[in-house]
Amino acid sequence: MPALENLNPKRVFHYFEQLSQIPHGSGNMNEIAQYCIEFAIEHSLKCIRDTANNIVIFKNGTTGYENSEPIILQGHLDMVCQKTPESTIDFLKDGLDLYVDGDFIKARGTTLGADNGIAVAMVLSILESDNIPHPPIEAVFTTDEEVGMVGARALDMSVLHGKRMINLDSETEDIVTVSCAGGSDFRVNIPIVPATKRGALVTLEIKGLQGGHSGVEINKNRVNANIIAGRILNELKAQFDFDIISINGGDKSNAIPNRCVVKLCVSDAEDFVLSAQKCYDIIKNEIADREPNFALEILIGDIGEYLVLDTKITNKIIYTLLCAPNGVIEMSSSIDGLVQTSLNLGVLMTCDDSIIIHFALRSNKKSALIFLEQRLTAFFDNLDLNYETFGHYPPWEYNAESTLREIYCATYFEVFGTQPRVKAIHAGLECGVFADGIMGLDCISIGPEMHDVHTTQEKLSISSAQRLYDLIIKILEKLK
């Protein structure tokens with residue numbers, strides 16, 4: 001495999017490879033933030049690092065652009081850390097194992113982190129260059145975007161002077177994004193009341209589902225593994241005596257879970273397994289057209305004494321998985337094909353003393369987001385369960401008078417001979433936070449072609465990244 005630095009443009013992929021060797025999952029930002037500080041020092045650039053580990057690097061305009069209005073180039077430092085069961089990568093201390101497959105860069109057994117490492121790599125390449133004409137640049141690298149845009153919401157926007165911004169956190173080359181959803185997190189905490197039961201250990205592993213980004217793939221009929229678990233358990237509850245030992249599906253609220261593992265204490269294991277298999281066969285036949293790799297692995301373990309969940313808690317968990325809203329709630333009536341409101345039950349986790357159920361909520365309308373929170377509040381109030389909402393970020397509303405969008409579209413047409421698609425999206429972008437904090441901000445979001453972000457199948461198109469980088473350089477030349 002050739003080193004990524006040997007790809008063209010060399011410095012973009014050089015920096016992408018370097019960033020990929022630094023652990024930078026959400027919440028683990030110190031080392032990658034320090035890397036950016038050292039980059040700024042090495043290139044004699046003014047730099048700010050705040051208490052949230054956000055990095056802002058300033059570069060003066062080149063000759064003829066010294067007095068031009070600054071441009072903000074923005075991306076985020078953190079990545080979603082997902083891995084296959086076979087992967088031995090420790091995201092807290094290990095780098096990623098990158099490789100080239102045709103036109104794509106991938107990572108063995110893990111997410112790639114091109115969301116949003118390629119943005120940071122592109123901006124670093126521009127900052128180090130001495131032959132790209134450009135206005136003053138304010139490069140903003142935010143932290144913990146994937147867990148509620150924590151860094152962007154903590155950033156002191158007064159340090160920025162630019163009123164126009166290019167966000168590089170999109171995933172389709174021929175799309176320029178001009179509006180996005182706001183969102184929040186809704187987390188339920190169910191205290192565990194343990195009991196001891198005797199029976200056989202039976203493990204149900206739901207796997208092979210596609211998963212994906214809950215803001216991008218939520219309307220693609222991808223099946224949530226946690227919901228499948230609830231369906232299977234509800235079906236079996238009517239036939240057998242069993243208790244839940246643990247249930248775990250998903251570890252990121254904004255990723256559609258593609259795997260769920262349920263450990264049960266069962267009194268009649270053999271008949272239980274036969275019925276579970278029949279239930280799987282029915283569901284498999286039902287969803288085969290959209291989830292062809294869906295599988296259920298069943299293992300029978302030892303007979304013994306097991307700590308299990310209280311029956312009332314078990315019933316509340318199954319009821320939640322069956323009846324709580326999940327997926328697309330409403331489509332936009334004004335923008336064709338746009339999901340307006342949705343939520344994703346992304347995390348179902350058994351801890352030492354509680355069960356955690358974590359939803360990611362999204363809406364392109366603030367009032368609809370509030371109503372969705374109210375629905376969940378009413379639902380869990382009636383189950384007498386504790387919950388919290390947090391991580392609120394505002395939607396980014398469409399700006400009909402965007403000069404930056406016009407320049408981008410015109411330049412795109414000059415280069416490629418076609419117009420880019422102008423889109424509003426249901427995924428959350430930090431543009432909403434910046435637009436809320438910088439009055440009159442003119443903003444667009446762009447990015448190279450990426451596929452299956454937030455999954456272990458994530459891949460980045462090399463040729464697309466090359467084309468977009470060249471296009472950004474041409475845009476910068478026009479921003480006098």
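## Exercises on pockets and a helix pair

In this predicted model, the second largest pocket has a volume of about 750 Å³.

**Exercise 1.** Find which residues lie closest to the centre of the second largest pocket, and which strand gives the largest share of its lining.

*Solution.* Start at the centre: among the 31 lining residues, Gln82, Lys83, Pro85, Asn258 and Arg259 are the closest to it. Next, look at the strands. At least two lining residues each come from strand 9 (194-207), strand 11 (242-251), strand 12 (255-256), strand 13 (260-266) and strand 16 (339-350). Strand 11 has the largest share, with four residues. Finally, sort the lining by type: 11 residues are nonpolar, 14 polar and six charged.

**Exercise 2.** Describe how helix 3 and helix 11 pack: what is the angle, and which residues touch?

*Solution.* The axes of helix 3 (residues 114-128) and helix 11 (residues 462-478) lie 11 Å apart, at an angle of about 45°. Helix 3 is therefore oblique to helix 11. Their crossing is right-handed. Helix 3 makes the contact through Ile118, Met122, Ser125 and Ile126, and helix 11 through Ala465, Leu468, Tyr469, Ile472 and Leu476. Of these contact residues, eight are nonpolar, one is polar and none is charged.

Definitions and conventions:
Residues numbered from 1 in each chain as written. Predicted model: local features only at pLDDT ≥ 70, side-chain atom pairs only at ≥ 80, totals over all residues. Heavy atoms only, no water. Axes fitted to C-alpha atoms, helices over the stretch in contact; angles between N-to-C directions. Parallel < 35°, antiparallel > 145°, perpendicular 65-115°, else oblique. Left-handed = near helix turned anticlockwise from the far one by under 90°. Contact = heavy atoms within 4.5 Å. Nonpolar A, V, L, I, M, F, W, Y, C, P; charged D, E, K, R; others polar. 1 Å grid on protein atoms, 1.4 Å probe; cavity = no way out; pocket = protein on both sides within 12 Å on 5 of 7 lines; lining within 4 Å. Points joined across faces, edges and corners; volume = space filled by probe spheres on them.
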